[in-house]
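Please read it with the structure open beside you.

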Amino acid sequence: MVARFFRNNDKLGFVLLPVAAIAAWLFAMILPGFKTIRFDNSFIFFLAANNLSFGFIAGINLLCLITGAYLVSFLCIKQEITDKQNLIPGFVFILFSSLLTINSSLHPAIIANLFLIGSFHRIFSTYREELSLSAAFDSAFLLGIAALFYTPFSAFFIIPFIGLLILKPFKIKEWVLVIMGLILPFLLSLALLFLFNKPVLLLKEITMASFVPFHKFTFSKGAFLIHSIAILLFALGLLNSFIKSGNAKIKTQKIKSVLVWFVLFGVVAIFFLNETIFFFGILLIVPAAIFVGDYLGTIKNNALREFLTLLLLGAFVCSNLQVAGLL
């Protein structure tokens, strides 16, 4: 029943996406950590966090959930990654993003993901284009902005180059513009440091402090259930994409190849992340939402599709209740 609402032939799913975001946002308020204001590994919030109220931050959280759900859906439909009527990736994006608010009223990665989606859209737009100078620059620039909001996203600076290699023939001008696009946000950040009267080396210190030597990921209270279901569905989504790649469009195959590279770098980066997090897939929310949503949307058996969707939703609810000590 839930999946059917987001995979239909009318516009109902577009109306229900913000409803789902509001429901997840209100549900997060029962968590003790939701009223905590903390911004780990974020250059932007390090400068401005002291001037932000809880009400404003909570409102930004809700706005980002709604916006991100629409952007993920737009990305999947516009770039032909999923079926045109499938809005399940947007719904999955809401669930995974809401897991980041267990310890804070707004995690910087939630905002950074909006710029990441824009970066994906621009790099995917280069497919079969003779010369894509503006798209290459925009993709890198948006990724750089994402890294300013959540520093660990700098681990993906190689992705625009990989994307260009997979999606189109090599053009040196595009690679030069990618480098310029990645550098420009950091030049602008130096201007922010000047405006806030902060040391210039602060940006370097925050970036270096975001990563530590290899360490194991520790599952906290309530984390095992949601991770079990999320990893299962993510694996099924990757397997489904591999099995059906022969029947998919060439563009879809290449785009998913770029996303797989993103996943590989993201999984490795998690084990070097200097942050205590609840959700293992903090760096992989966008590709996870796409692969899981695409898989659920392509299941022809309605009962199986609804069962797996409700299983994910149930794991999300139960994990949050366990964290809150209500289960």
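This is a predicted model: local features need pLDDT of at least 70, side-chain atom pairs count only at pLDDT 80 or more; totals for chains, interfaces and linings use all residues.

1. Residues are numbered from 1 along each chain as its sequence is written, and side-chain values use heavy atoms, with hydrogens and water left out.

2. A search of the whole structure finds 5 salt bridges, a salt bridge being a side-chain nitrogen of Lys or Arg within 4 Å of a carboxyl oxygen of Asp or Glu. One of them joins Lys 256 to Asp 294, with the closest N and O atoms 2.6 Å apart. This pair links distant parts of the chain, since Lys 256 is in helix H12 (residues 250–270) and Asp 294 is in helix H13, 38 residues apart; helices here are DSSP runs (H or I, at least four residues), numbered from the N terminus. Lys 256 is buried at 13% relative accessible area, and Asp 294 is buried at 5%, where buried means under 20%, exposed over 50% and partly exposed in between (1.4 Å probe, protein chains only).

3. Glu 174 and Lys 168 also meet in a salt bridge, at 2.8 Å from N to O. Glu 174 is buried, with a relative accessible area of 0%, and Lys 168 is buried as well, at 5%.

4. A further salt bridge, at 3.1 Å from N to O, pairs the side chains of Asp 138 and Arg 122. Asp 138 is partly exposed, with a relative accessible area of 27%, and Arg 122 counts as partly exposed at 22%.

5. Helix H13 (residues 285–298) has 14 residues and should span 20 Å at 1.5 Å a residue, which agrees with its end C-alpha atoms being 20 Å apart; the expected span is 1.5 Å times one less than the number of residues. H13 is mostly covered, with 13 of its 14 residues buried.

6. Leu 190 lies in helix H9 (residues 172–195) and counts as partly exposed, at 35% relative accessibility.

7. Which two loop residues deserve a look for a positive phi? Asn 41, between helix H2 (12–28) and helix H3 (43–48), has phi near 60° and is buried at 12% relative accessible area. Arg 128, between helix H6 (108–124) and helix H7 (133–149), has phi near 65° and is exposed at 70%.
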